Amino acid sequence: MPGSYFADRLTGMVVLSENERLALARLEERERPVRRGMTLHRERDRTGDVYILRKGTMMSSVLLDDGSRQILRFHFPGDMLATASMIYREAPETITAVSECIVAPFERSAFAALYTEHPRLAALIMVYNQIERAALTDRLAALGRTSAKARVAAILIEMRNRMQTEVDGTASFVLGLTQEEIGDATGLTAVHVNRMLRQLEEEALIARESGRISFLDERAMLRTANYIDRYAKLNLDWLPPAN
């Protein structure tokens, strides 16, 4: 049985029991490749499976009335995708592969057994969804209240942190997004994104070379972005015991 990437994500919050890890691994027994640019489902499609992302980067987006695209969230290995399938008959968002990906699909009925047999896992899934909700709230607030430079800086920090890149002296990572995709996530044009990236370079906050980005001044980047890490400072002392 393959290990569980979602269990690895939760392990950053609590220590899971062996029974809990096995229960989550059963959700990821099947794998499905998704090529870059392909969709898991489109907005208003009839919903079906829920997924765990095991490899690559994906994004959730919606189409606006003027035909433009708004990217809501980027997703990384260990993320649970299409959770709206549990409550809606039609998908409220489009989920697209940003890179070559592998997902583990499972039927939403699997949650019934998981919630009944492992109440702490049910609570942790709720915690995970609340973290995602808070991060999305931050993104929405930033679109209306922060500068273009702050929005681009926040995307760079989020991508670096969510990729779980080792923070060494250079904090170098491959962004893996086009400037158009950054623009669709920040409400900016690709031209404006390019201008903000150059401004961050000119202010010695980042360096770009051969497709890699390095943070030269971590504290200044955090100040510029008004960034809040929603995976930090969690209060989980209320969780039920593991079984």
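Predicted model: local features only at pLDDT ≥ 70, side-chain atom pairs only at ≥ 80, totals over all residues.
How far apart do the C-alpha centres of domain 1 and domain 2 lie? They are 26 Å apart.

1. Residues are numbered from 1 along each chain as its sequence is written, and side-chain values use heavy atoms, with hydrogens and water left out.

2. The domains. Domain 1 covers 5-121 and domain 2 covers 147-225; these bounds come from an automatic or database domain assignment. Domain 1 puts 10 residues into the contact and domain 2 puts in 12 (contact means heavy atoms within 4.5 Å).

3. The buried area. About 1100 Å² is buried between domain 1 and domain 2, with carbon and sulfur atoms giving 48% of that (this is the accessible area, 1.4 Å probe, that two parts lose on being put together, summed over both). On the domain 1 side, Arg 69, Phe 74 and Phe 76 lose the most area to domain 2, together making up 47% of what that side buries.

4. The charged pairs. You'll find 3 salt bridges between the domains (a side-chain nitrogen of Lys or Arg within 4 Å of a carboxyl oxygen of Asp or Glu). Have a look at Asp 184 and Arg 69, which form a salt bridge with their closest N and O atoms 2.7 Å apart.

5. The strand to look at. Strand E5 (residues 69-75) gives the most to the side of domain 1 that touches domain 2, with 5 residues (strands are DSSP runs of E, at least two residues, numbered from the N terminus).

Key
Helix = DSSP H or I, 4+ residues; strand = E, 2+ residues; numbered from the N terminus.
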